[in-house]
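Here is a short briefing on one chain. Look over the sequence and the fold before reading the points below.

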Amino acid sequence: MLKNKKYAGIVYSTDHGTICPACNSPKEKCSCGKKSIPNNDGVVRIERQTKGRKGKGVSIITGLPLDGDSLKKLGKTLKQKCGTGGTIKDSIIEIQGDHRDTLKLELEKLGYKAKLAGG
């Protein structure tokens with residue numbers, strides 16, 4: 001039985017070559033360090049969601065063909081236009097409150113094809 005669980009992983013293996021220390025998968029199949037632009041159909045979807053938020057609504061923007069700093073910059077601009085807070089998680093922009101109409105107008109001004117999604 002191991003006394004120290006810190007060293008409970010694979011000690012040495014030539015089966016896969018180099019292993020990524022973050023996700024413990026082979027370097028060739030490692031996806032933890034690779035950030036890519038998500039594939040989409042060219043339509044930016046804006047929906048309202050309250051699930052898991054104790055009844056508080058947020059406007060969710062998906063399908064943006066942006067990554068990293070440009071996504072953060074757009075998120076900041078949209079939050080300022082709505083006068084509220086929000087966050088960016090996994091290439092999705094979340095704006096606090098129901099601002100779907102305002103967001104749609106702003107995204108269309110920026111040249112995106114925006115669509116209201118959901119109910």
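Is aspartate 90 buried or exposed? Aspartate 90 is exposed, because its relative accessible area is 74%, and the cut-off for that class is over 50%. The model is a predicted one. The points below start with the overall fold, then turn to the helix pair, the core and the loops.

**Overall fold**

- The chain holds 2 helices and 5 strands.
- Their order along the sequence is β-β-α-β-β-α-β.
- The chain has 119 residues, and 24% of them count as buried.
- Take the contacts between residues at least 6 apart in sequence: 45% of these join residues at least 24 apart.

**Helix pair**

- Helix α1 covers residues 68-82, and helix α2 covers residues 100-109.
- Their axes come within 10 Å and cross at roughly 130°.
- The crossing of α1 past α2 is right-handed.
- On the α1 side, the contact involves Leu74, Leu78, Lys81 and Cys82.
- On the α2 side, Thr102, Leu103, Glu106 and Leu107 take part.
- Sorted by class, this contact comprises 5 nonpolar, 1 polar and 2 charged residues.

**Nonpolar core**

- The largest nonpolar core counts 14 residues.
- Ile61, Leu64, Leu78, Ile93 and Leu107 have the most contacts inside this core.
- Two or more residues each come from β1 (43-49), α1, β4 (92-96) and α2.
- The top contributor is α1, with 4 residues.
- Leu78 and Leu107 are among the core residues with the most contacts, and both also belong to the contact between α1 and α2.

**Loop between β3 and β4**

- Aspartate 90 sits in the loop between β3 and β4.
- Serine 91 is in the loop between β3 and β4 as well.
- Most residues other than glycine have a negative phi.
- Aspartate 90 has a positive phi, near 50°.
- Serine 91 also has a positive phi, of about 65°, although it is not a glycine.
- Serine 91 counts as partly exposed, because its relative accessibility is 24%.

**Loop between β2 and α1**

- Aspartate 67 lies in the loop that links β2 (58-62) to α1.
- Its relative accessible area is 39%, so aspartate 67 is partly exposed.

**Loop between α1 and β3**

- Glycine 85 is found in the loop between α1 and β3 (86-89).
- Glycine 85 counts as partly exposed, because its relative accessibility is 24%.
- Which residues does glycine 85 touch, not counting those up to four places away in sequence? They are Lys79, Glu94, Ile95 and Gln96.
- Glycine 85 and glycine 75 are 10 residues apart in sequence. Their C-alpha atoms are 9.7 Å apart in space.

Technical notes:
Residues are numbered from 1 along each chain as its sequence is written. This is a predicted model: local features need pLDDT of at least 70, side-chain atom pairs count only at pLDDT 80 or more; totals for chains, interfaces and linings use all residues. Side-chain values use heavy atoms; hydrogens and water are left out. Axes are lines fitted to C-alpha atoms, for helices over the stretch in contact, and angles run from 0 to 180 degrees between N-to-C directions. A crossing is left-handed if the near helix is turned anticlockwise from the far one by less than a right angle, and right-handed if clockwise. Contact means heavy atoms within 4.5 Å. Ala, Val, Leu, Ile, Met, Phe, Trp, Tyr, Cys and Pro count as nonpolar, Asp, Glu, Lys and Arg as charged, and the others, Gly among them, as polar. A nonpolar core is a set of buried Ala, Val, Leu, Ile, Met, Phe, Trp, Tyr and Cys residues joined through side-chain atoms within 4.5 Å. Buried means under 20% relative accessible area, exposed over 50%, partly exposed in between (1.4 Å probe, protein chains only).
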